[in-house]
Amino acid sequence: MKNLLSHSVKCLLWKVLWGLGALSLVLAWVAVYQRGLVFGLEPLAWYWNALILAALSTPVKMDCKDCGTCNAA
């Protein structure tokens, strides 16, 4: 049971990190389009956030060993 719970947390963690990275990229595009700040951050800061969050999500996903939950996304 503990292994299943830890695996579920890993699956959720990489999806949340990847989702936040994608959202940061969208907000970077919005900031560029508006030529201003979005939630107090410049476009470059949003791009860096997207890059870092995507980089953090990659090792978590690579650690997953062929599970149905991770492969569904």
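Accessible areas come from the Shrake-Rupley method with a 1.4 Å probe; for residues, only the protein chains shown count as cover. This is a predicted model: local features need pLDDT of at least 70, side-chain atom pairs count only at pLDDT 80 or more, and totals for chains, interfaces and linings use all residues. Residues are numbered from 1 along each chain as its sequence is written, and side-chain values use heavy atoms, with hydrogens and water left out.

**Fold and confidence**

- The chain has 3 helices and 0 strands. Helices (H or I, at least four residues) and strands (E, at least two) are DSSP runs, numbered from the N terminus.
- Along the sequence, the pattern reads α-α-α.
- Of the 73 residues of the chain, 23% count as buried. Buried means under 20% relative accessible area, exposed means over 50%, and partly exposed lies in between (1.4 Å probe, protein chains only).
- Take the contacts (heavy atoms within 4.5 Å) between residues at least 6 apart in sequence. Of these, 55% join residues at least 24 apart.
- Mean pLDDT for the chain is 81, and 73% of the residues reach 70 or more. pLDDT is the predictor's confidence in each residue, from 0 to 100.
- Confidence is highest in H2, at a mean of 86. It is lowest in helix H3 (residues 68-71), at a mean of 57.

**Nonpolar surface patch**

- Leu25, Val26, Trp29, Val30, Val32, Leu44, Tyr47, Trp48, Leu51, Ile52 and Leu56 make a nonpolar surface patch of about 1000 Å².
- Helix H1 (2-34) and helix H2 (43-62) are the elements that give two or more residues to the nonpolar patch.
- H2 supplies the largest share of the nonpolar patch, with 6 residues. Trp48, one of the patch residues, lies in helix H2.
- Patches are made of residues with over 30% relative accessible area and no salt bridge; like charges are joined within 9 Å, and nonpolar side chains (Val, Leu, Ile, Met, Phe, Trp, Tyr) within 5 Å.
- A salt bridge is a side-chain nitrogen of Lys or Arg within 4 Å of a carboxyl oxygen of Asp or Glu.

**Nonpolar core**

- The largest nonpolar core has 5 residues: Leu27, Ala28, Ala31, Val38 and Trp46. H1 gives the most to this core, with 3 residues.
- A nonpolar core is a set of buried Ala, Val, Leu, Ile, Met, Phe, Trp, Tyr and Cys residues joined through side-chain atoms within 4.5 Å.
- Ala28 is in contact with Pro43, Trp46 and Tyr47, leaving aside its neighbours within four places in sequence.

The contacts below leave out residues up to four places away in sequence.

- Leu17 is found in helix H1. It is buried, with a relative accessible area of 14%. Leu17 touches Leu53, Leu56 and Ser57. The C-alpha atoms of Leu17 and Leu56 are separated by 7.1 Å, though the two residues are 39 apart along the chain.
- Gly21 also belongs to helix H1. At 7% relative accessibility, Gly21 counts as buried. Gly21 is in contact with Ala50 and Leu53. From Gly21 to Leu56, 35 residues along the chain, the C-alpha separation is 9.4 Å.
- Ser24 lies in helix H1. It is buried, with a relative accessible area of 6%. Ser24 touches Trp46, Asn49, Ala50 and Leu53.
- Asn49 sits in helix H2. It counts as partly exposed, at 28% relative accessibility. Asn49 touches Ser24 and Leu41. The C-alpha atoms of Asn49 and Ala28, 21 residues apart along the chain, are separated by 9.2 Å.

- Arg35 lies in the loop between H1 and H2. Its phi is positive, about 55°, although Arg35 is not a glycine. Arg35 counts as exposed, at 79% relative accessibility.
- Phe39 has its place in the loop between H1 and H2. Phi of Phe39 is near 55°, a positive value in a residue other than glycine. Phe39 is exposed, with a relative accessible area of 72%.
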